[in-house]
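This briefing covers pockets and helix packing. Please have the sequence and the model open.

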Amino acid sequence: MPPLRLLTPSHWPTWLGLGLLRMLAPLPLPLLHALGGRLGRVMGLLPIRQVHVARTNIELCFPELSAVQRKQLLKQHFVNIGITMFETALAWWASDARIQRLTDVEGIEHHLNPQTIKQLQKFVSFLKSNPKIMENFQD
């Protein structure tokens, strides 16, 4: 059971948001992305601290961008946050089967060149033939 302080009225908006995310998680992914994008756009327009912080960070980190470009970057930032909220809900509450249908996981061999793979194979063979070395890596 959660600590009782999490049930106080100050936490009700969080619980309401989580409940809403839980209810919407079964929706199709394109619809979740659209809803998340819209939520993010709305969040970016609110007079909340996070908008001010993001705007300030963008101004400090990208002084070479024009005001229009910084505004567009801020907007896209909050769109991505909204989408991420819905994708997080999906990750929390979707079935394993749905997650597997929506994702594509590749092995590391698709990201390494053949020479690197050969070197890794040599290294693994070396470690297997020298078990004393492996003892140093065990608890």
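The model is predicted: local features need pLDDT of at least 70, side-chain atom pairs count only at pLDDT 80 or more, and totals for chains, interfaces and linings use all residues. Residues are numbered from 1 along each chain as its sequence is written, and side-chain values use heavy atoms, with hydrogens and water left out.

**Largest pocket**
- The largest pocket holds about 220 Å³ of space. A pocket is an open set of points on a 1 Å grid where a 1.4 Å probe fits, with protein on both sides within 12 Å along at least five of seven lines; lining residues have an atom within 4 Å of a point.
- Its lining includes Leu18, Leu39, Phe86 and Trp92.
- α1 (12-24), α2 (29-45) and α4 (67-93) each supply at least two lining residues; helices are DSSP runs (H or I) of at least four residues.
- By class, this lining has ten nonpolar, two polar and no charged residues.

**Second largest pocket**
- About 180 Å³ of space lies in the second largest pocket.
- Arg41, Arg55, Lys71 and Lys75 are among its lining residues.
- α4 gives the most to this lining, with four residues.
- The lining has three nonpolar, one polar and four charged residues.

**Packing of α3 on α4**
- α3 (residues 49-61) and α4 pack at an angle of about 135°, their axes 10 Å apart.
- Residues in contact (heavy atoms within 4.5 Å) include Arg55 and Ile58 in α3, and Leu74 and Phe78 in α4.

Note on methods:
Grid points are joined across faces, edges and corners, and a volume is the space filled by probe spheres set on the points. Ala, Val, Leu, Ile, Met, Phe, Trp, Tyr, Cys and Pro count as nonpolar, Asp, Glu, Lys and Arg as charged, and the others, Gly among them, as polar. Axes are lines fitted to C-alpha atoms, for helices over the stretch in contact, and angles run from 0 to 180 degrees between N-to-C directions.
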